[in-house]
Amino acid sequence: MNAILVRPSFDDATRYTFAFAEEILEWCRQAGIDVVELAEGEAVKSRVEEELKKGADLFIFYDHGDEDCLVGQDEQPVIDLTNCNWLAGKDVYTLACLSARKLGVEVWRQKGRYWGYNQVVGFTTDALPEFKQSFNCGFAYLFIERIPHGTALDKARETFDKLATALVSEGKIMAAIYMRKNRESLVDYNAHGPEESSSGGCLLGLLKLPFQYLSARIRRR
Amino acid sequence: MGDEKILKAAVLRYLEAKEKSEPDWKLFLGKESLTASELRERLNKDKKLWKEIRQWADALAVDMFNEGSKKIERNSGTP
């Protein structure tokens, strides 16, 4: 298996998540996954596209994101809706805020498998080992232990739950609250499609359709 | 709502204690980082952030009760 690991580091949050991704890199090497690391100055769109052109089965991204993109070292998207076709058919594993909302859905539509978060990700400095474990556990389940997607997502959510409970007992209540929130926003668009895992569900989506149609008509006028 | 005021007061007290015991403590929310004192200030002004913390504190409480129920069932041998 060939992998690309992208990890920028340009602010306090990315310095922590850069360190979290170190474990992923070690696991890849131990498991014989051939991994190209694009860190810091190399975590930019041109280098990411260059490596994706060479071909990879797995794309790993650690840090800032938005609904429609993953953000690189220059604070510009390395992957967004205009170049996400590079991820078609690939496994994508991310720790990035919000990116599952639009980017993840688009990758999934293009037959990719997208592990990520559909809300802003939170973590606290009093529980860094626990947050690292939660963010990385899915990778271990999917690509080291080779557990199928649906089961891996269930096991990851169990891990988040256990960690949240343990954090409460240690008096790290804010950490527990954000562990719980991250658990809820974790998605795996292969185990479950976006429609199933969105909070609104299909029926709500259908109910929204007439309003979307009307607003589109109004915008056209 | 009375219950909400009690919860908010408890959260603010917790953050005050956190500020004293771990002055370097921070909460990261995406690109934003907040110290305990900054978070306390924000919670007094930012209704959306307070709603979020309240929502997940509630969810955590429900989880704890569910986990407690499971433990009781396991210990009592009921299915």
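In this predicted model, the axes of helix α5 (residues 149-169) of chain A and helix α6 (residues 173-185) of chain A come within 8 Å. They cross at roughly 165°. Because angles over 145 degrees count as roughly antiparallel, α5(A) is roughly antiparallel to α6(A). The crossing of α5(A) past α6(A) is left-handed. On the α5(A) side, the contact is formed by A:Arg157, A:Phe160, A:Asp161, A:Leu163, A:Ala164, A:Leu167 and A:Val168. From α6(A) come A:Ile173, A:Ala175, A:Ala176, A:Met179, A:Arg180, A:Asn182 and A:Arg183. Sorted by class, the residues of this contact are nine nonpolar, one polar and four charged.

Helix α1(A) contributes A:Tyr16, A:Phe20, A:Glu23, A:Ile24 and A:Trp27. These meet A:Leu128, A:Lys132, A:Phe135, A:Asn136, A:Phe139, A:Ala140 and A:Ile144 in α4(A). The contact of α1(A) with α4(A) has nine nonpolar residues, one polar residue and two charged residues.

Chain A also contains an open sheet of six strands. The strand order is β2-β1-β3-β7-β8-β10, and the pairing is mixed. Strands β2 (34-39) and β10 (186-189) of chain A form the edges, each pairing on one side only. Neighbouring strands of this sheet are turned against each other by 10° on average, direction ignored. Within the pair, A:Asn2 of chain A stands opposite A:Asp34 in β2(A).

Helices lie across strands of this sheet. Helix α2 (residues 45-54) of chain A lies across β1 and β2 of chain A. Helix α2(A) runs at about 165° to β2(A). Helix α5(A), already described in its contact with α6(A), lies across β8 (113-117) and β10 of chain A. The angle between α5(A) and β10(A) is about 175°.

The contact between the chains takes 22 residues from chain A and 19 residues from chain B. On the chain B side, β1 and α3 each supply at least two residues. Helix α3(B) gives the largest share, eight residues. By class, the side of chain B that touches chain A has 11 nonpolar, two polar and six charged residues. Strand pairing also links the chains. Strand β9 (residues 122-124) of chain A pairs with β1(B) in the antiparallel sense, over three bridges. In this pairing, A:Gly122 has B:Leu29 of β1(B) as its bridge partner.

Confidence values were examined for the complex and for chain B. The predictor gives the complex an ipTM of 0.90 and a pTM of 0.88. Chain B averages a pLDDT of 91, and 94% of the residues score at least 70. Among the elements of chain B, strand β1 (residues 26-29) has the highest mean pLDDT, 98. Helix α3 (residues 47-76) of chain B has the lowest, 91. Both elements supply residues to the side of chain B that touches chain A. Where pLDDT is low, predicted coordinates should not be read in detail.

How values were computed
Residues are numbered from 1 along each chain as its sequence is written. Chains are lettered from A and ligands numbered from 1 in the order in which they are written. This is a predicted model: local features need pLDDT of at least 70, side-chain atom pairs count only at pLDDT 80 or more; totals for chains, interfaces and linings use all residues. pLDDT is the predictor's confidence in each residue, from 0 to 100. Helices (H or I, at least four residues) and strands (E, at least two) are DSSP runs, numbered from the N terminus. Axes are lines fitted to C-alpha atoms, for helices over the stretch in contact, and angles run from 0 to 180 degrees between N-to-C directions. Angles under 35 degrees count as roughly parallel, over 145 as roughly antiparallel, 65 to 115 as roughly perpendicular and the rest as oblique. A crossing is left-handed if the near helix is turned anticlockwise from the far one by less than a right angle, and right-handed if clockwise. Two residues are in contact if their C-beta atoms, placed from the backbone, lie within 7 Å. Ala, Val, Leu, Ile, Met, Phe, Trp, Tyr, Cys and Pro count as nonpolar, Asp, Glu, Lys and Arg as charged, and the others, Gly among them, as polar. Two strands pair if DSSP finds at least two bridges between them.
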